[in-house]
Amino acid sequence: MRVLGLILAGGKSDRLWPLTKVRASAAVPVFGKYRAIDFTLSNMVNSGIRKVGILTQYNPRSLMDHLGSGKEWDLDRKSGGLFILQPYVGPNREVWYRGTADAIFQNMTILRRGEEDHVLIGSGDHIYKMIYRDLFNYHLKKGADITLVVKELDETYNLSEYGIVQLDDDMRVVEIEEKPAHPKGNIAFLGVYFMNKELLKELLYATVPQGKYDLLLDIVIPNLDRLKVYAYRFDGYWRNVKKGIKEYYRINMDILKKEVRDELFYRNGKVYTKLKDLPPPKFTTTAVVENSLIADGSIVSGTVRNSVIFRNVRIKVGAVVENSIIMESTVVEEGAVLRNVILDKNCIVREGRVIEGDTELPVFEKRAVL
Amino acid sequence: MGNTVAMILAGGQGTRLGVLTERVAKPAIPFGGKYRLIDFTLSNCVNSGIYRVGVLTQYRPHVLSKHIGIGRPWDLDRKDGGVEILPPYVGRHESDWYKGTANAVYQNLEFLEENDAELVLILSGDHVYAMNYNDLIDYHLLKEADGTIACMEVPIEEASRFGIMITDVDGKIVDFEEKPAKPRSNLASLGIYVFNYEFLKKVLIEDENDPNSSHDFGKDVIPRILRENLGSLYAFRFDGYWRDVGTLRSYWEANLELVLPVPPFNLYDPNWRFFTHTEEMPPAYVAPGSKVSTSLVSEGAEVYGNVFNSVIFQGVKIGRGTVVKNSVIMTRTEIGENCYLENVIIAENVKVGNNVRMGVGEDAESKLDPKVYSGLLTVVGMNSVIPDDMVIGKNCVIGIGVKPEDFKSKTLESGDYVIVREE
């Protein structure tokens, strides 16, 4: 089986504002050195997928810079490799993608060319580790037309924000309710589709020209009776950064738990990201660090607790950072105190400044001077 | 400026580094949390805009060759130029190992020819320093020299460990003494040379044909140029940080200098970055209740214990209740719980059990080799396993691939060793 990977990374997310002021949600920095999209992209590469198309639209500069030629993922290839699929102007065509199905439809060439027989569609916003090979086998064994990856969500998720699926005893999907006000169950669709490439082409030709542009709402859900749509159950860690600042914060704090680090960093292959060639993190004589992640190039002279410190950050003497996320190249000057805050890249927190959040997390945009 | 080609001498064994260089060439030994020694010279080349580099390997080249690969981390994977590994090869007349540094370059004159070399930089792959070679080259061109040697003022009492240059007021070298007992100057050669290619070619061919030569730049070629007045050699004074980490003690000291509040050697200069081939690893994690200070802790490290004044490489695990002090712990080594380690160098992929004490007790002379192992440091070679509850003294040596059953008792006295001979 040869599989084409497609990653939906065009999303604009107001709920992650101001982190998405300068970048697409798939390019949101996580865990000290990664971007959200690294997980799905690494999963695909780790599963043996050698050709990946990234569908971008909203604010793609940061994402493009991050992906480059795809060399960190071994996707700088003569055959296959990484394809950035941006909306473009051409004769008789719309410019912007009007939905997920439209985005793929407008890039029909990548489906038409190449010897891949199946397509895996994932999202750049999801944080999870998975080797898809079992999914491929499951799909074949079930004789499915489309296989959707699902997960039973616990009480830490707001079920009304997810697509809730109903399954029969054979795991066939009988109903999907997108963001139901009153969810009938707790099994959610994780935004990962697997299907035959020819079938996808056929479905897109049958739908998109009719003015229907959404992959889930206009293609999968209306065809649940006609097509064999099966659910593949995933039991690992899975979170969607796009669900808002609190979810983004929760995901970053989760990585301070050993079991989450073990699963996301060390199981089912590595997570690849853009290399920055920075020296090891340095802890000076006055450093106090507990339960925190410290990325390369950072120098800590102050106190850091329960926090995620990205690359090239400076925490100066007497500064205190607790329960916070401090992104790349931010400087926390002497004696400043930060509690429960999120600072984007290249911020400066001036000497002695005290900023404390509580359940509402203050988020400061890139290059803020505080 | 002429077309410059750098030749990095990377064949050295570094015998005084003991178990650290038993399996790898000295330029490949790990340094500073994530680097290997050769990274500094390679990075200096590319930071100086020199993109034609030959690496001359000989002793145990596998790790080094794999590390350099096609030179991608240094942007040396180029269509034009780039990095080339130049191992000794079987020629038409002789199947020759490199007999000395000069012979190594001599055997690769063809490489220099192919690259249209006008200037040749001769560098060592095992020094730690940041140097913009353009300063050296500019000086060389300004003086219209045939060759220029980078040198540094050293304390006069240490001068007898170096090749010492005696210059006139213009900086022209008038005499050169290799490791003199009574040094006449404190200007030490750093083993960094730039030569005009045609001049170098001529003297290397002559040196090759000299039956009395050991074919070494410092011992033979430079003295002969001066003695026979073959050309003009100038001394370029360098006043930055430079270390030849030739001994275990100097290796350990140079590592620990990096953790000083104002380190003499700055890894964090955004305008002079050091590149390396690293494995992708997540950020370092420090657990609740841990204390980490005056240390480098690299990516992928997970610290549950306490680390003081140490350099911790990538992927190292340090268990709860453990104290690591004044030590260098290399990639992927795992240290168990409630251990106490002081003044140790532990190589890659070592497993230290629980309740192990190392570098404790009285000092004693090494029973293995006092010339290599001295200065209180206890050293552990790669892939060894140290069982629970071991008490290991000062100045001990645990070799490469030592297994728990190789230890005869739970105590290893200071100065003692456990070595498993290579099959």
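Two strands pair if DSSP finds at least two bridges between them. With that in hand, welcome to a predicted model, in which local features need pLDDT of at least 70, side-chain atom pairs count only at pLDDT 80 or more, and totals for chains, interfaces and linings use all residues. Residues are numbered from 1 along each chain as its sequence is written, chains are lettered from A and ligands numbered from 1 in the order in which they are written, and side-chain values use heavy atoms, with hydrogens and water left out. Helices (H or I, at least four residues) and strands (E, at least two) are DSSP runs, numbered from the N terminus.

**Strands of chain B**

- Strand 1 of chain B pairs with strand 6 (residues 119-124) of chain B in the parallel sense, over 6 bridges.
- Strand 1 of chain B also runs parallel to strand 4 (residues 52-56) of chain B, and 4 bridges join the two.
- Ile8(B) has a bridge partner in each of these neighbours: Leu123(B) in strand 6 of chain B, and Val55(B) in strand 4 of chain B.
- Strand 1 (residues 4-9) of chain B is largely enclosed by the rest of the structure, because 6 of its 6 residues are buried; buried means under 20% relative accessible area, exposed over 50%, and partly exposed in between (1.4 Å probe, protein chains only).
- In a regular strand the side chains alternate between the two faces of the sheet.
- Both faces of strand 1 of chain B are covered, with Thr4(B), Ala6(B) and Ile8(B) buried on one side and Val5(B), Met7(B) and Leu9(B) buried on the other.
- Strand 12 (residues 233-237) of chain B has 4 of its 5 residues buried, so this strand too is largely enclosed by the rest of the structure.
- Strand 8 (residues 147-153) of chain B runs parallel to strand 12 of chain B and is joined to that strand by 5 bridges; Gly147(B) stands opposite Leu233(B) there.

**An open sheet in chain B**

- Chain B has an open sheet of 7 strands with parallel pairing, in the order 15-18-21-24-27-30-32.
- Its edge strands are strand 15 (291-293) and strand 32 (411-412) of chain B, each of which pairs on one side only.
- Within chain B, strand 24 (residues 340-342) and strand 27 (residues 357-358) pair in the parallel sense over 2 bridges, and Leu341(B) has Met358(B) of strand 27 as its bridge partner.

**Aromatic rings**

- Over all chains, the structure holds 27 aromatic pairs; rings of Phe, Tyr and Trp (its six-membered ring) pair if their centres lie within 6.5 Å, and planes under 30 degrees apart count as stacked, over 60 as edge-to-face and the rest as tilted.
- Phe136(A) and Phe194(A) make a stacked pair, because their ring centres are 4.6 Å apart and their planes are at 25 degrees.
- This pair links distant parts of the chain, 58 residues apart: Phe136(A) belongs to helix 5 (residues 133-142) of chain A and Phe194(A) to strand 11 (residues 187-196) of chain A.
- Phe136(A) and Phe194(A) are both buried.
- One aromatic cluster is formed by Phe31(B), Tyr35(B), Phe40(B), Tyr241(B), Tyr251(B), Phe265(B) and Phe274(B).
- The charged end of Arg78(B) sits over the ring of Tyr51(B), 3.8 Å from its centre; the rule asks for NZ of Lys or CZ of Arg within 6 Å of the ring centre and within 35 degrees of the ring normal.
- In chain A, Arg239(A) lies over the face of Tyr157(A), at 3.8 Å from the ring centre.

**Where the chains meet**

- The contact (heavy atoms within 4.5 Å) takes 41 residues from chain B and 39 residues from chain A.
- Together, chain B and chain A bury about 3100 Å², 49% of it on carbon and sulfur atoms; buried area is the accessible area (1.4 Å probe) that two parts lose on being put together, summed over both.
- Tyr268(B), Glu280(B) and Pro283(B) supply 24% of the area that chain B buries against chain A, more than any other three residues.
- The interface of chain B and chain A has 4 salt bridges, each a side-chain nitrogen of Lys or Arg within 4 Å of a carboxyl oxygen of Asp or Glu.
- Arg72(B) and Asp76(A) meet through their side chains in a salt bridge (3.3 Å, N to O).

**Backbone details**

- Phe31(A), in the loop between strand 2 and strand 3 (34-35) of chain A, has phi near 55 degrees, a positive value in a residue other than glycine.
- The peptide bond from Trp17(A) to Pro18(A) is cis, with omega near 5 degrees.
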